[in-house]
Amino acid sequence: MAFEITIPRLGWSMEEGIFAGWQKKDGDVIRRGDILFELEGEKALQEIEAVDEGILRISNDEPKPGTVLKVGAIVGYLVAAGESVSQTAGPANSSSPIQTVDDETAEIGSDRPAASPSIRRMARQLNVNLQAVVGSGSGGRITECDINAAATSSPKIVAATTTESSVQAVTPRARRAAKELGVDLKGLRGTGRNGRIRERDVLAAVSNSAKTSPQSDRRTMISGRRKIIADRLSESARQTVPVTITTRADATNLVSLRDQFKSSGLSPLPTFNDIVAKLVAGVLVQFPLLAGRWDGDSIVLPDPDQIHLGLAVDTPEGLIVPVLRNVSTQSLITLAAESAKVIAKARNGRLSSSEMQGAVFTLTNLGGFGIDAFTPVINLPETAILGLGAIRKEPVVADDGTIQIRQRMTLSLTFDHRVIDGAPAARFLQSLVSSLENAAAKLISLVP
């Protein structure tokens with residue numbers, strides 16, 4: 001029996017992924033652990049391994065790189081030597097599902113009933129309208145018995161010129177593009193087989209409309225990765241009660257400490273993010289609720305030795321949050337090396353899903369863009385996220401009344417009010433400010 005190769009779920013909130021291409025060819029002999037294809041999900045590219053053995057069978061209408069597919073969508077099969085894919089279920093909720101039946105291939109969209117090519121031939125021969133047939137097979141697939149019953153029972157089903165049978169065929173991707181771009185499919189000429197409307201037809205219609213209407217809006221197709229980011233942020237807004245508080249910190253010792261690292265030739269050179277992450281992990285041990293997560297009727301707190309921090313990284317493809325492990329127990333130098341490694345992998349799109357899971361708190365830094373204060377969005381299922389603003393030289397009135405030039409920065413803490421109240425959150429921020437302002441004394445012992 002053929003073994004289905006499907007799109008796996010790579011993260012807790014993943015519902016679809018971007019197919020990045022096959023690493024094996026049709027007819028290749030596959031062993032367990034072989035890399036079959038690459039998939040972009042939860043904002044990272046991951047190699048998908050075979051969990052069974054056999055000969056790989058890929059449809060001629062295989063998904064192309066960049067195709068967005070639902071979790072569970074079937075993209076191929078593993079068969080035994082001499083075995084053919086005789087009849088299989090279509091992919092579940094796929095945006096561009098593929099099925100292989102009787103050595104033929106067919107693209108199955110939301111506008112076509114689930115039926116194999118042989119069943120479709122049978123329906124044409126008996127003049128049966130498949131749109132009106134209810135399948136009795138697995139997953140609602142239409143069987144030979146369904147076709148025979150339809151051919152001998154209801155004239156409405158047999159009528160080849162019914163309204164249902166005359167509906168113009170549209171691929172799922174074309175239907176989605178038309179919805180996003182506001183294109184009316186009625187009257188649109190399709191370039192696919194039998195006049196089927198394809199995504200390129202919709203895009204061409206938008207392009208032609210722009211040429212004839214100079215005042216028309218410009219639209220940009222939303223990438224799969226951008227949609228994943230949007231879905232996660234929307235889910236955060238729905239599931240949390242976010243509150244943002246801000247405070248100012250004297251970063252003079254922080255800057256001085258990093259300057260000492262530079263002048264000593266320390267390698268790898270810790271960044272401001274690395275130093276702040278180390279300080280945050282220590283403060284989180286004192287305020288564990290900020291590192292907890294809401295879980296139904298309880299709050300789950302991390303082990304003090306397992307403070308994993310997310311670090312928001314800006315990449316050409318969008319925001320990615322790799323995870324730094326066990327920050328509270330690592331040396332600053334080890335942390336700097338790990339940070340540099342995961343940031344490089346994030347920007348190259350090579351993070352695995354495991355490298356983006358398990359964080360209990362996230363840091364995001366917009367200081368490099370000259371931003372002082374902002375409202376960061378909580379990275380579910382975490383409780384809080386800390387935003388770091390720009391470090392600026394500013395005049396400050398000292399205790400003795402003199403004016404001094406100090407390095408100052410703004411900290412923006414967004415927290416889930418369901419988990420923690422404003423006062424303890426403010427005390428956390430107050431304690432962190434104290435750590436930052438005494439960074440040299442606290443961290444110099446961690447440097448060899």
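Predicted model: local features only at pLDDT ≥ 70, side-chain atom pairs only at ≥ 80, totals over all residues.
Started with strand 1 and strand 8 (residues 74-79): I find four bridges joining them, and the two run antiparallel.

Four strands make an open sheet in the order 1-8-6-3, with antiparallel pairing. Strand 1 (3-6) and strand 3 (29-30) are at the edges with a single partner strand each, so one side of each has no neighbour in the sheet.

Then on to strand 19 (residues 384-388). Is it mostly covered or exposed? Mostly covered: five of its five residues come out buried. I checked which way they point: Ala 384, Leu 386 and Leu 388 go one way, Ile 385 and Gly 387 the other, and all are buried.

Strand 18 (residues 361-365) pairs with strand 19 in the parallel sense over four bridges, and Leu 363 has Leu 386 as its bridge partner.

Last, a helix pair. Helix 8 (residues 272-286) packs on helix 10 (residues 422-437) at about 135 degrees, axes 10 Å apart. That angle makes helix 8 oblique to helix 10. I get a right-handed crossing for helix 8 and helix 10. Among the contact residues are Val 276 and Leu 279 of helix 8 and Phe 428 and Leu 432 of helix 10. By class, I have eight nonpolar, three polar and no charged residues in this helix 8 to helix 10 contact.

Definitions and conventions:
Residues numbered from 1 in each chain as written. Heavy atoms only, no water. Axes fitted to C-alpha atoms, helices over the stretch in contact; angles between N-to-C directions. Parallel < 35°, antiparallel > 145°, perpendicular 65-115°, else oblique. Left-handed = near helix turned anticlockwise from the far one by under 90°. Contact = heavy atoms within 4.5 Å. Nonpolar A, V, L, I, M, F, W, Y, C, P; charged D, E, K, R; others polar. Pairing = 2+ DSSP bridges. Buried < 20%, exposed > 50% of the residue type's maximum accessible area, 1.4 Å probe, protein only.
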